[in-house]
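This report describes the metal sites of one protein model. Please examine the sequence and structure shown below before reading on.

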Amino acid sequence: MNRNLSQRHNICLSDDPKTSKRMELALKRSKELDQTTNMDQSSKSFDYEKCKDEMWNPERFSLLYKTWIWENATPSQKTKLNQLYWVAYYSQIISAEIATIFFNQTSAASLYGIEDFRIVCDTLDLESAQERAHINAFKTVSEKFEEENFGERIFTYPMRTPFEKTMLYSDLNSLNQLLRKWQLNFFTMISSNSPFIGCQYFTVRGLRTLNGKIVQHQLSRYYSEHPDKENSPIPSKISYYHFIDESFHFNTSTVISHEVINSLPKPSRFETMIGNMALRGCQMDHYNFSTAINGIFWYDPALYQSIYKILRSQVFNMKHDEATHAIEKSFCEESEGMLMSYKTHRESVDSYKAYLQDFNYINKENKNLSLMASNSLERHLKTNRKEFQKFKREMVS
Ligand SMILES: [Fe+2]
Ligand SMILES: [Fe+2]
């Protein structure tokens, strides 16, 4: 049939056979290497007793690594800090993946509204199903760990909808959080109706997973380089399986945001504005870096309470004064750990810049990552110190 009669737009994905082929091949390969079964088996066979005395990540991926708390910890406490990194890290990933599942669907809804996009939607369906297996594995291990060590939740949380704040420890106050919720509602409506915004979501998703890809590759190496893979700790296997699935997800984000987008009509001024707003939101979420957890852009002061709980628990057995002193020494003084986290943040700014450089619709402020790049070690320390004084006063009262 004459295309002008059969389609809403005079441009379509089948006009770009190279990209269509790339999507087809990626989906085929992703199905072949799908790690869902491995993930589910790992979740089922996880036994905390069997791996409670071992590290689950390379040592430098430990909570509070190379801070005062780390330097003063016993070897068994260091092992717990290493396992805690796993729990904290993947608790954040669960939150991000709950959002991913939802926006995969809304974006697929808008893209399915034009011809030829079935392959893209099928890819997203597979990825959403994989995310559910990932979440289940992370949740199983993390909840068991916290139950055994603390008898209460520290980093984990009951299942929730994508409308909760995605960044678990952020500097958003309650008003900002409410605002963010409304923005998300708004974005949902638009992304499920505008193919451009649906597609543009993958620029944001690609950006958000870019840093994750770097960290998760290193986490996966604990298993891939383990001398006795069979008996290696199950959480390290989960990191490995997860990295395999996520490599495909990252590839999908790159192809959709860089290539598939060219098979869509040019964005309107309104769509360009929304796209840039979404990228600015990403910059805001990634503005901070965390001394406690290298590779996740949490806001340190929001973590003080959780770290306090850990220090007062049977793992560290500290008294109130000891715990507050340890927090002050670790978060308010420069340390090798803090510098390493800062370095990761700077590296992310550079890799985000490279990822965004060839998009026409993105404004200068987003292309240069101006907001995210404006954070510094001095600012970080100043904020941590100021907020520590508040935390200390609140703990006394
Ligand atoms: Fe995942
Ligand atoms: Fe993913």
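## Iron ion (ligand 1)

The arrangement around the iron ion (ligand 1) is irregular because its six donor atoms subtend angles of 53 to 175°. Six donors count as octahedral if opposite donors are over 155 degrees apart and all others between 65 and 115. Donors are N, O and S atoms within 2.8 Å of the metal (3.2 Å for Na, K and Ca), and sites may look incomplete, as water is not among the atoms.

Glu97 (OE), Glu97 (OE), Glu131 (OE), His134 (ND1), His242 (NE2) and Glu246 (OE) are the protein donors, at 1.9 to 2.7 Å.

## Basis of the model

The model is predicted: local features need pLDDT of at least 70 and side-chain atom pairs pLDDT 80 or more, whereas totals for chains, interfaces and linings use all residues. Residues are numbered from 1 along each chain as its sequence is written, chains are lettered from A and ligands numbered from 1 in the order written, and side-chain values use heavy atoms, without hydrogens and water.

## Iron ion (ligand 2)

Glu131 (OE), Glu246 (OE), Glu246 (OE) and His249 (ND1) coordinate the iron ion (ligand 2) at 2.0 to 2.3 Å. Along the chain, these donors follow the spacing E-x114-E-x2-H.

The iron ion (ligand 1) lies 3.7 Å from the iron ion (ligand 2), and glutamate 131 coordinates both. Glutamate 97 is in helix α6 (residues 75-111) and glutamate 131 in helix α7, so the pair ties together parts 34 residues apart in sequence. Helices are DSSP runs (H or I, at least four residues), numbered from the N terminus.

Notes: Four donors count as tetrahedral if all angles lie between 85 and 135 degrees; four count as square planar and six as octahedral if opposite donors are over 155 degrees apart and all others between 65 and 115; anything else is irregular. Helices (H or I, at least four residues) and strands (E, at least two) are DSSP runs, numbered from the N terminus.
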